[in-house]
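Here are my notes on the model, as numbered points. Please read them alongside the coordinates.

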Amino acid sequence: MQKELEHNEHLALIFQEVLPALTSGGVEYFVFGGVAIAGVTGEFFRKNEDVDVYVVEEDFSKTESILRALCQEHGDWDADGWTLSYSQLKTTRRPKLDLSIKGVQLFSVVPVYKTPQGVEFRVLQVFMLPENALTQTARSVDGFQFFSPPDEVLFTLLRNLIQNYKERGKPVEEY
């Protein structure tokens, strides 16, 4: 799997600086998507374009502040040129932050919402996550350390995100 590790080296700054900054800033984050699935198996099995994270809604603005501070620290004078952008889905009005380094988007963060019914995840549609969606599970992939939700939550997310892709007519391989 050495080749897959090399294909994911572009994410090193996310694991070395961004995720530790969130933790030291008091933000509990949860990696999901391809990197989290790699965390379940303990090794990368494909190239991942970015690291996808969710945080509870209450921590979203704190997360934004931490990311903005990192961007300032790595300002225009830095050859890596860190930038942060904000967007919002029209359908569910869920916000999203994207961190780019050297003009390449490498990190995304979205909020999840605590409701009386449980933990709500919003993409093009809203779906509920299992109760333990806010339980951090320590993962390690090729020396990179991070937290994700438990396996059951990851598989629920994966099923729902693949269904979303199919409904939009996108090939599942894109995910």
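1. Helix α2 (residues 12-24) packs with helix α4 (residues 60-73) at an angle of about 140°, and their axes are 10 Å apart. Axes are lines fitted to C-alpha atoms over the stretch in contact, and angles run from 0 to 180 degrees between N-to-C directions. The two helices, α2 and α4, are therefore oblique to each other (under 35 degrees is roughly parallel, over 145 roughly antiparallel, 65 to 115 roughly perpendicular, the rest oblique).

2. From α2, Glu17, Val18, Ala21 and Leu22 meet Thr63, Ile66, Leu67, Leu70 and Glu73 of α4; contact means heavy atoms within 4.5 Å. The residues of this contact comprise six nonpolar, one polar and two charged.

3. This is a predicted model, in which local features need pLDDT of at least 70 and side-chain atom pairs count only at 80 or more, while totals for chains, interfaces and linings use all residues. Residues are numbered from 1 along each chain as its sequence is written, and side-chain values use heavy atoms, without hydrogens and water.

4. Mean pLDDT (the predictor's confidence in each residue, from 0 to 100) is 89 for the chain, with 90% of its residues at 70 or more. Where pLDDT is low, the predicted coordinates should not be read in detail.

5. The structure holds nine aromatic pairs (ring centres within 6.5 Å; planes under 30 degrees apart are stacked, over 60 edge-to-face, the rest tilted). One of them, Phe32 with Tyr54, is tilted, at 5.9 Å centre to centre and 40° between the planes. Because Phe32 lies in strand β1 (residues 30-32) and Tyr54 in strand β2, the pair ties together parts 22 residues apart in sequence.

Key:
Helix = DSSP H or I, 4+ residues; strand = E, 2+ residues; numbered from the N terminus. Nonpolar A, V, L, I, M, F, W, Y, C, P; charged D, E, K, R; others polar. Phe/Tyr/Trp six-rings, centres within 6.5 Å; stacked < 30°, edge-to-face > 60°.
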